[in-house]
Amino acid sequence: MFNKFLRIALALCILPACTQCASQEKEEEAPKSIASVKLIWDKDYSAFPSLEKFSGSYFVSFREGESHIFDSNGEANGKVRILRSEDGETWSPVALLEKKGFDLRDPHLSITPDGRLMVIMGGSIYRDQKLTGKNPHVSFSTDGNTFSNPEPVVYEDNPAANNEWFWRVTWFGDTGYTVSYGSGELLLLKTKDGIHYNKVTTLAIDGSPNETTLRFLPDGRMLLLARREGGNQFGCWGVSYPPYTDWDFNLLSFRIGGPDFMVLDDETVIAAGRAYLEKANRTRIWKGNLQGQFKTVFTLPSGSDNSYPGILKVGDELWVVYYSSHELRTEDGEKRAGIYFAKVPMSVFDE
C-alpha cells in the first residue's frame, strides 16, 4: 500500500547547537487515500488549530478572522474560536475569545494539573499594520462550556518584555513548560499556574528557531521539535534530562512549520507539520524515533496557506486537525482557509 514512502536521510549533528546538514525532502508525495478528511469549519479565515480531549469530550481551538492577519479596515483583531465534539464527527462552537487591541493567534490547548482546560495564545499588537509587540494570553475552563476572558501571562524574569511568543504549553507532573521566541533567543520557560512563567534556560539552537513543541517520556526526559528559519532551515530535534539545562540537538533533513508530535508506547514518534516542498507547501505526517530520524508516511489534502496541525491518538486512530486554503474561496474569488479534521488508522504506522 505504501510503495511510495519517501526515504529521508538524517545527518546527525549532536552538537551544542544545531548546525548545517545536507539532505533535503523531495517533492514526491505519499499516498493520500489512507485517511478520512472533512471540513469542520469554514467561517471567514480560520487557521492555526489545536486538538485536545477534556472531560470526555474533544475540543478544537483556532484563530478566526477575515484574513491571515488584517481585516478589511486594516486591523488585526483575530479571535479564538473553540469547538466541541463528543465523537469527532459533529462539532459545535462553544466559545469565541477576543480582546480589543490584540490579534489572538495560535491557540494551543492543554490540561492543567488541577483539571482545567487551558488555552495559551499569542497576542500580537499592531499599529498602522506594523507589528509593534507581542504579549501572550491565557484562558481557562473548568467545564468546557465557559471560558475565562483572555488575560496576559507574566514573564517574571522580565516583566517588561513585550516581544515574546509562548508557543505550546506541555505539562509534566505539576509543572508546565513552554518555549518562548521573539526576543532573539529561544527560551525554555516553566509555570505552575499557566499564568506566571520563569526561565529555565536558553536553548542554544542556531538558524532563527521559533515555533517549538515539547513532549515528555515517562522517565522525565523532555523532547523538543523546533522550526528553524535561518541557515538550511531544517527542523531541530532535541532531548534533555531534568533539570533540562543540558541538551543534545539533532538537525532533521527537512523543513517543518507549526510542528506537533507524540511518542507512542514503543517509542515511535509521530510528527505533523507543514512540509516545504519545491512546488507547494503541504500538511504532512512523519514517523520517527527518539534519535530524530524521520520518514514521510502520508500527505493530507492541503495547499497554499495550510498546516499547523494538532494530533491526538484516539483508540486505533490518529486524529489530526489542521487548516488549509486549497479549496475555499471568498465572494471575490480569493483563497481562504478552513479547519479540516482527519481520522487515520494507526495501522499505517506499522508499515
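**Cores and salt bridges**

In the largest nonpolar core, which has 41 residues, Leu-188 and Leu-203 touch the most other members. Strand 2 (residues 45–54) gives the most to this core, four residues; helices (H or I, at least four residues) and strands (E, at least two) are DSSP runs, numbered from the N terminus. A nonpolar core here is a set of buried Ala, Val, Leu, Ile, Met, Phe, Trp, Tyr and Cys residues joined through side-chain atoms within 4.5 Å. Buried means under 20% relative accessible area, exposed over 50%, and partly exposed in between, with a 1.4 Å probe and protein chains only.

Before going on: this is a predicted model, where local features need pLDDT of at least 70 and side-chain atom pairs count only at pLDDT 80 or more, while totals for chains, interfaces and linings use all residues. Residues are numbered from 1 along each chain as its sequence is written, and side-chain values use heavy atoms, leaving out hydrogens and water.

Now the salt bridges, meaning a side-chain nitrogen of Lys or Arg within 4 Å of a carboxyl oxygen of Asp or Glu. The structure holds 17. Which residues form a salt bridge with Glu-89? One is Lys-38, with the closest N and O atoms 3.2 Å apart. Lys-38 is in strand 1 and Glu-89 in the loop between strands 4 and 5, 51 residues apart. Another is Lys-343, at 2.8 Å; Lys-343 sits in strand 27, 254 residues from Glu-89. Lys-343 is buried at 12%, whereas Glu-89 is partly exposed at 40%.
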